[in-house]
Each structure stands twice: as structure tokens, then as C-alpha cells.
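Reader: I have a model open and would like to learn how to read it. Where do we begin?

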Amino acid sequence: MDLLVQRLRVGLVYLFLITAAFLSIFPFLWMVLGATNTSADISRGKIGLGGALIANIASFLEFADVPLILWNSLKIALLTTLFTLAVASIAGYGFEIFRSRLRDRIYRFLLLTLMIPFAALMIPLFIMMGKLHLINTHWAVILPSIGSAFIIFYFRQSTKAFPFELRDAARVDGLKEWQIFLLIYVPVMRSTYAAAFVIVFMTAWNNYLWPLIVLQSNDTKTITLVVSSIASAYYPDYGAVMVSAILATLPTLIVFFLMQRQFVQGMLGSVK
Amino acid sequence: MSELSLRQVSKSFGSLKVIKEVDLEIEKGAFTVFVGPSGCGKSTLLRMIAGLEDITSGDLDIGGARMNDTDPSKRGIAMVFQSYALYPHMTVRQNMGFALRFAGVPKAQIDRQVMDAARILELEPLLERKPGQLSGGQRQRVAIGRAIVRHPKVFLFDEPLSNLDAELRVHMRIEIAKLHKRLGATIIYVTHDQVEAMTLADKIVVLRAGRIEQTGTPLQLYTDPDNQFVAGFIGSPKMNFLPARVAEGGDGQGGAAVTLEDFGVTVPVAGLTGLPAPGTQITAGIRPEMFNEQASESISVAVEMVEHLGSETLVHGRGAGDLVTIKYPGISAKGDGSDRLDARFNPADLLYFTGEGARIR
């Protein structure tokens with residue numbers, strides 16, 4: 001009897017896990033299968049391999065200058081990630097290391113900014129970018145994303161696990177503060193950097209609303225804007241939408257799988 | 001000749017003064033141990049010498065030059081940290097040569113100095129490993145090697161053995177003592193473990209609440225402590241303190257007597273000129289190992305517990321007040337199966353302290 005109950009319990013757990021896995025994977029599967037079907041087949045709800053892959057790719061290539069938009073997306077995502085990591089890690093290190101009466105007040109104020117919704121910032125940001133003559137340039141997308149309070153918070157929390165005797169040892173060894181940061185802190189905290197890289201890169205790559213507002217000409221647009229504009233055409237070509245969606249998803253998947261191990265380590269705490 | 005000297009050195013964090021007017025001379029080649037309870041300021045004092053903490057007031061000289069405002073790397077010191085503080089992303093070789101690389105020493109010379117240190121510490125087979133692949137004892141040796149490579153004027157050790165297990169700690173203690181002999185280096189060593197202090201030190205500096213309580217050789221501190229704190233801190237098991245009262249004043253040569261109040265025993269006192277007036281409350285101290293069968297006086301103790309440690313036997317008991325520990329050498333049946341024990345001692349082995357804890361001499 002006990003054995004039966006135990007088996008039933010295990011069975012239920014598996015059923016739950018299979019359902020959850022299916023719900024997670026199905027959209028990807030549908031996206032890949034959809035890329036091989038015609039728009040009509042997709043609309044009809046066909047789930048299965050079709051023969052329209054080449055036609056869909058051709059139609060997508062016709063719609064947009066694909067290498068250029070991929071390059072735009074990659075450039076924006078990489079630059080945003082690099083600048084964000086640089087600024088946030090220096091800030092996190094500074095907040096944790098340097099004692100000052102103002103430190104905690106500034107930090108609390110910084111955390112408060114997490115509560116401001118982006119919608120409230122859009123218009124002032126747009127006016128700022130306009131005054132700086134950056135509208136319709138990639139800098140208009142990159143610059144506002146760099147000072148991320150959340151990533152600063154993440155770095156500060158991770159820095160708490162940084163062994164501060166290493167900093168003392170480095171000072172005795174003759175390193176200046178910036179050398180300690182570059183030669184000791186950065187390599188020791190590499191899992192934290194990896195996890196932050198994945199988070200920021202994905203957010204920047206998938207960023208939609210703000211680029212939609214500031215990137216106005218076709219040659220500056222990113223892949224997310226192109227996917228959206230194909231999907232919102234008067235007669236959307238769903239086959240081409242699926243192809244573009246695959247292209248939009250692929251880089252984030254690659255980044256995640258390449259850094260998966262460090263990402264998990266970074267989330268658990270990077271210093272052992 | 002003095003290698004390092006501290007003159008009226010103080011340190012404050014805001015309004016809190018943690019190191020208070022410390023004066024200290026450390027001779028070249030001496031092994032000096034800072035010892036004291038947690039929070040006494042011993043690590044802070046070491047970090048001030050290293051340059052990791054600012055000196056609020058006073059002067060620090062190393063090798064005859066004032067070093068108060070000199071960068072840590074230019075003070076001629078090397079430090080071994082409690083957690084070893086090895087750079088986890090570098091190999092043992094890189095860890096050991098790192099400071100020299102930064103000082104602009106030519107590569108061939110770095111290699112030679114690293115190899116010399118590795119040979120002394122038997123680290124040669126480990127040079128290409130990273131700290132994560134080493135055991136605690138090996139990491140400790142690398143940390144010491146990193147200090148040796150720099151040929152410093154003064155080595156600073158901050159509780160270097162406290163992360164090791166008991167067996168390894170004894171082993172490393174001997175290694176450090178041998179190393180000191182071999183290198184003839186000036187070493188300042190911080191510990192809260194008085195056994196480490198007694199076994200390693202040429203000179204012990206006992207600190208309490210940011211002040212030096214006493215400085216001296218291990219045996220000076222053991223036999224002739226300046227105050228009750230030092231008497232209690234040095235020695236294991238610690239000294240017994242018994243409430244006492246001056247019975248007769250005498251003339252400083254003889255005739256004086258003190259009553260041990262918990263036991264109702266009056267013992268003669270000789271050679272103390274500073275004994276206060278009869279009736280004054282004082283404290284008598286006697287080390288557990290000073291009790292012996294052949295002695296002239298005795299106290300009667302109600303036995304509470306006997307510990308047989310093989311090499312010694314500890315009997316814990318009391319008179320009217322606090323617990324008293326009596327130590328007999330080897331395996332002893334004293335105290336076993338009986339309620340009371342007559343513990344014998346020589347009055348000359350008693351030390352006396354005022355109510356404030358100062359030694360009465």
C-alpha cells in the first residue's frame with residue numbers, strides 16, 4: 001500500500017514537471033515549426049513540419065536588412081552590457097568598501113529609484129536625449145540603461161562576500177585602489193560578472209519600448225522592433241514572423257548556455 | 001638595536017579610542033608576540049604597523065625611519081593574514097612573486113627569490129597549483145612564503161594559525177619557530193592563544209583595552225606578573241585568585257601575615273614592602289601547579305570534580321567562595337572518591353594584588 005502511495009506521489013510530481021516543461025518549451029517548438037509553415041497553415045493552427053522555410057526566410061530577408069539590424073542589436077546589447085557592468089561593479093565595490101556617513105543615504109536613495117516605473121521616465125528622458133541631439137542614434141538607447149540601480153545592488157550584495165583581507169594583502173603588495181579593483185576584485189568576482197552579463201545582455205537585447213521611441217529610421221532599428229513591425233503589418237506574414245523570432249531569441253540562448261555554469265555560480269554567491 | 005619603535009601611538013575611530021598611547025621597542029631579530037583577549041586592539045596595532053590603519057597620533061619608526069605616512073608596500077614589512085589572503089586566481093608561484101613584480105624587480109630575480117622561499121618551505125611541487133587546490137597547512141606555508149620572498153625588515157603575523165586544526169596548529173607552530181631561527185628575522189605575531197605566545201615568543205606584549213599591560217619574556221610574565229590581569233591571562237590552567245585580608249602589617253622584612261578568607265587560613269608573608277594596612281581587602285593568587293605534597297601550609301578544599309588528563313591531574317573544588325583548581329603532575333589519586341582534600345602550598349608561591357588588580361611587591 002505504502003509503495004503504491006509513493007509511486008502515485010512520484011507519478012504526480014512527474015506529471016506536474018512534464019506539464020511545466022511542456023508549457024515552457026511549447027512556444028519555442030511552435031516558433032521553430034511555424035518557421036517551416038506558411039502563414040495560412042500557422043493561422044489554421046497546424047503543428048508540424050511544413051515546407052515553407054526557404055520562402056519564409058526569403059520573405060523576412062526582403063522585409064529588412066537583416067545583417068544590419070542584427071548588428072544594431074548586438075552593438076547596443078554589448079555596449080550597454082559592458083558599460084553597465086563597469087559602472088555598476090565600480091559603484092558596488094565603492095559602496096561596500098568605503099565608509100562614509102553619506103554612503104547609506106545615497107544607497108537607499110538609489111534603491112528608491114527602482115520603484116519609479118519606466119513609463120514615468122520616458123518623456124523627461126526623451127527631452128534629454130533630444131537636447132543632446134541623440135534621438136535616432138544608438139547612444140540614446142545605451143546611455144539611459146547604463147546606471148542600473150538593480151545591477152549596482154546586485155554587485156554590492158555580492159561584494160559583501162569578497163574577502164577583504166585580499167584587499168589588505170594587495171595594499172601590502174603595493175597595489176593602488178584601481179589596481180586592486182582590476183587585478184584582484186574583477187578576477188575574483190568573475191561569476192558575479194558572468195551572471196550580471198547574462199541579465200543585462202538579455203534585458204538590453206530584448207529591450208523594446210525605449211528603442212521604439214528613440215530609434216526612428218530603419219537603419220538604426222533593432223531586431224525586436226523588426227519582429228514587432230512584421231507582426232503588426234496589415235497582412236502579417238506569420239512564417240516570416242517566426243523566422244525573425246528565432247533570430248531574435250538565438251543570441252540570448254547562446255549567451256545563456258555559454259555562461260550557464262558561471263551564471264548559476266554567480267547567483268549562488270561568487271566567492272568560496 | 002631597535003628595529004621597530006612605537007612612541008605614544010594612539011588610534012581613534014571617531015570618538016572611540018581603541019589604542020591608547022602605546023610605547024614599545026622591538027629589537028632586531030626578536031620574536032615578539034602581541035597577546036590579549038578579543039577586542040584588546042592587538043590586531044589593530046599590527047595593522048597600524050603594516051599601514052593598513054592610520055595612526056591617529058604618535059610615531060612609528062621602522063629601521064630608524066618614521067613610517068607613519070608611508071605606503072604599506074614601502075615600509076619594509078610583509079604580512080601573513082589570518083585567512084591567508086592568497087589571490088585565488090593566481091598560482092602559488094604568481095602569488096609569491098606578485099609583490100616583487102609590482103616593485104619592478106627583474107623576472108629572473110623574482111624566479112630566484114620565489115624558488116629560494118619555495119625550497120625553505122618545501123613548496124616546490126605546489127608552485128603551479130592554485131590556492132583552491134591546497135590544504136589548509138599548505139596555504140599557510142604559501143602565505144608565509146609570499147612574505148619571505150620580499151625579504152622584509154619585519155614580518156607581521158595576524159593570528160596565522162587560528163584557522164588550522166589542533167594537530168596542524170602545533171606542527172605549524174614548530175615550523176614558524178624553526179623558520180625564525182633560520183632566517184633570524186624580526187617577527188611580530190598576534191594571537192589570543194597564550195600557549196602560542198609562551199612557546200614562540202622572545203618577548204610577549206600583553207594588551208588589554210588598547211593599552212599595554214606588561215612586556216617581558218614568557219617566563220618573566222609567568223613568574224613575575226605586574227598585575228592580576230597578566231597573572232590570570234598567562235598560564236594554563238589559569239591562576240587561582242583567592243579573596244584575602246591583611247592580618248598583620250609587619251615591617252617589610254618579616255612578621256606580616258595574610259588571611260585567605262575562603263579557607264580561614266592565615267599565612268606568613270615575607271619580603272613585601274607594599275603590603276597595605278592590616279584589615280585591607282586584597283587578592284592572593286596561586287598557580288594550580290604550585291600546589292605540592294611537601295609544602296608547609298594547606299587549605300581544605302571541598303572536591304567537586306577531578307580531571308585525569310594522563311600527564312596531569314586537575315582537581316576542582318572550593319572553600320567558601322570561588323572554584324579553585326589544583327594541578328598534580330602525572331596520574332594522581334588525589335581527590336578521587338573523597339569529599340575533601342588538603343591542598344598544600346608554600347606561602348612564597350602566593351602573589352598578592354590590590355583591590356584594583358595591581359601587584360603588591
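Predicted model: local features only at pLDDT ≥ 70, side-chain atom pairs only at ≥ 80, totals over all residues.

Reader: What pLDDT does chain B average, and which scores go with the complex?

Author: Chain B averages a pLDDT of 92, and 99% of its residues score at least 70. For the complex, the predictor gives an ipTM of 0.85 and a pTM of 0.84.

Reader: How do I read the contact between the chains?

Author: The size of an interface is often given as the accessible area lost when the parts come together. Here we count residues instead: 16 from chain B and 13 from chain A take part. On the chain B side, β6 (77-80) and α2 (92-102) each supply at least two residues. The largest share of that side, three residues, comes from α2(B).

Reader: What classes of residue make up the side of chain B that touches chain A?

Author: That side has 13 nonpolar, three polar and no charged residues.

Reader: And how are two packed helices described?

Author: They are described by the angle between their axes and the distance between the axes. Take helix α9 (residues 164-172) and helix α10 (residues 177-188) of chain A: they pack at about 150°, with axes 11 Å apart. The angle is over 145 degrees, so α9(A) is roughly antiparallel to α10(A). Their crossing is right-handed.

Reader: Which residues of α9(A) and α10(A) meet?

Author: A:Leu166, A:Arg167 and A:Ala170 of α9(A) meet A:Ile180, A:Ile184 and A:Val188 of α10(A). By class, the contact has five nonpolar residues, no polar ones and one charged.

Reader: At what angle do α4(A) and α8(A) cross?

Author: Helix α4 (residues 66-97) and helix α8 (residues 149-159) of chain A cross at roughly 45°, and their axes come within 8 Å. That angle makes α4(A) oblique to α8(A). The crossing is right-handed. Among the residues in contact are A:Ala88, A:Gly92 and A:Glu96 of α4(A), and A:Ile152, A:Phe155 and A:Arg156 of α8(A). This contact has seven nonpolar, four polar and two charged residues.

Methods
Residues numbered from 1 in each chain as written. Chains lettered and ligands numbered in written order. pLDDT = per-residue confidence, 0-100. Contact = placed C-beta atoms within 7 Å. Helix = DSSP H or I, 4+ residues; strand = E, 2+ residues; numbered from the N terminus. Nonpolar A, V, L, I, M, F, W, Y, C, P; charged D, E, K, R; others polar. Axes fitted to C-alpha atoms, helices over the stretch in contact; angles between N-to-C directions. Parallel < 35°, antiparallel > 145°, perpendicular 65-115°, else oblique. Left-handed = near helix turned anticlockwise from the far one by under 90°.
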